[in-house]
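The sequence and structure are shown first, followed by the description.

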Amino acid sequence: MSMPKPSPKPSSRKPSPRTPSRKPLIYGAGVVVAAALFGYVSYRATAPESAASGSSSVVAGVTADPDEGVYPELAALARRDAGDKLALGRADAPVVLIEYADFKCGYCGKFARDTEPALVKEYVDTGTLRIEWRNFPIFGAESEAAARASWAAGQQDRFWEFHRAAYAEGAKEKGFGKARLKALARQAGVPDLDRFVRDTDGTAAAAAVSKDQEQGYGIGATSTPSFLVNGRPIAGAQPAETFTRAIEQAAATAKNLGHAGQDPKGPAAPASPEGSAK
């Protein structure tokens, strides 16, 4: 049985015994379909060539129909909180991309290095897109520690710098022990490293990470990276064209129907202070 070719795909793992399995029904019936899609794309991406023959883009990609595969229950998960330190872009951007990711996930790193910077330049910087990060650690204790550390860096407005350092080529191979996390914080320019250490080990960080995990498992995500683009699920570090098409379709729809999760006739949300790329 041959191994799959190294194409963009999600990294996956079943929830550990310490992490309770989440039922993908808490956000509505449409989420069952999203859960099935996440699981099937994960299988197609990791299955042997004989089982995964054909393009997985049929499942993971974006169809010509801008409404197909879009779920209002998932669109409503966009927080649009102007004070969210783990978000990038205007709070009133017409499109919100939510990313569920793990710092030990190689394909999350691939997306962060190869795809995300172009999306930031083309869509975030022009006010079309907002990116909201969700810590979704699934690879054990170091994943969880890195997630808490990223949140702690965010409390000092250095989340995206920490994100960039943690996803640099070869960074995850060095591990995410306490000394390494502090070194990454220093590299990211976190001004108060003592506070960073306290925050990383504090209950607020643990609660924030747990909240993100609950949401991820609640929509049926069991692999990383997993994305929602205005309620459209995308599993894995897919080609840039998949994200571009999803964003442009969502922007066109939002122009006519209003922002995701908002009354089309209602007022726009206030702009976020972190509206430019870092």
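## Core, sheet and loops

In this predicted model, the largest nonpolar core has 49 residues, and those with the most contacts inside it are Phe103, Leu129, Ile131, Phe162, Leu181, Phe196 and Val229. Helix α4 (residues 106-124) supplies the largest share of this core, with 8 residues. Apart from this core lies another one, of 13 residues, which includes Tyr100, Ile138, Ala221 and Leu228. In soluble globular proteins, nonpolar side chains tend to be buried together.

For the chain as a whole, the secondary structure comes to 10 helices and 7 strands. Of the 278 residues in the chain, 52% are buried. Among contacts with a separation of 6 or more, 81% are between residues 24 or more positions apart.

### The sheet

An open sheet is formed by 5 strands in the order β2-β4-β3-β6-β7, with mixed pairing. Its edge strands are β2 (87-88) and β7, each of which pairs on one side only.

A polar atom of the Arg130 side chain lies 2.7 Å from the backbone oxygen of Gly89.

Leu228 stands opposite Pro233 in β7. The hairpin of these two strands has 2 residues between them, and Asn230 takes a positive phi near 50° there. Strand β7 (residues 232-235) points Arg232 and Ile234 one way and Pro233 and Ala235 the other way. All four of these residues are buried.

Which residues does Val229 contact, leaving aside its neighbours within four places in sequence? They are Val95, Val96, Leu97, Ile234, Ala246, Ile247 and Ala250. Val229 is also one of the residues with the most contacts inside the largest core.

### Helix α9

Helix α9 (residues 203-218) has 16 residues. From its first C-alpha to its last, α9 reaches 22 Å, close to the 22 Å expected at 1.5 Å a residue. Its buried residues are Ala205, Ala208, Val209, Asp212, Gln213, Gln215, Gly216, Tyr217 and Gly218. Just after α9, Gly220 takes a positive phi of about 90°.

Gln213, found in this helix, is counted as buried because its relative accessible area is 10%. Not counting residues up to four places away in sequence, Gln213 touches Asn135, Phe136 and Pro137. The C-alpha atoms of Gln213 and Ala101 are separated by 9.9 Å, although these residues are 112 residues apart along the chain.

### Backbone features in the loops

A cis peptide bond joins Thr224 and Pro225, with omega about -5°. Pro225 has its place in the loop between β5 (223-224) and β6.

| Residue | Phi | Relative accessible area |
|---|---|---|
| Arg80 | about 50° | 11% |
| Asp157 | near 60° | 38% |

Arg80 lies in the loop between α3 (72-75) and β2. Asp157 has its place in the loop between α5 (141-154) and α6 (159-166). Why is Arg80 classed as buried? Its relative accessible area is 11%, and buried means under 20%. Asp157 is partly exposed, because its relative accessible area is 38%, and the partly exposed class lies between the buried limit of under 20% and the exposed limit of over 50%.

Conventions:
Residues numbered from 1 in each chain as written. Predicted model: local features only at pLDDT ≥ 70, side-chain atom pairs only at ≥ 80, totals over all residues. Heavy atoms only, no water. Buried < 20%, exposed > 50% of the residue type's maximum accessible area, 1.4 Å probe, protein only. Helix = DSSP H or I, 4+ residues; strand = E, 2+ residues; numbered from the N terminus. Pairing = 2+ DSSP bridges. Expected span 1.5 Å × (residues − 1). Core = buried A, V, L, I, M, F, W, Y, C linked by side-chain atoms within 4.5 Å. Contact = heavy atoms within 4.5 Å. Polar contact = N/O pair within 3.5 Å; in protein donor to acceptor, adjacent residues only side chain to side chain.
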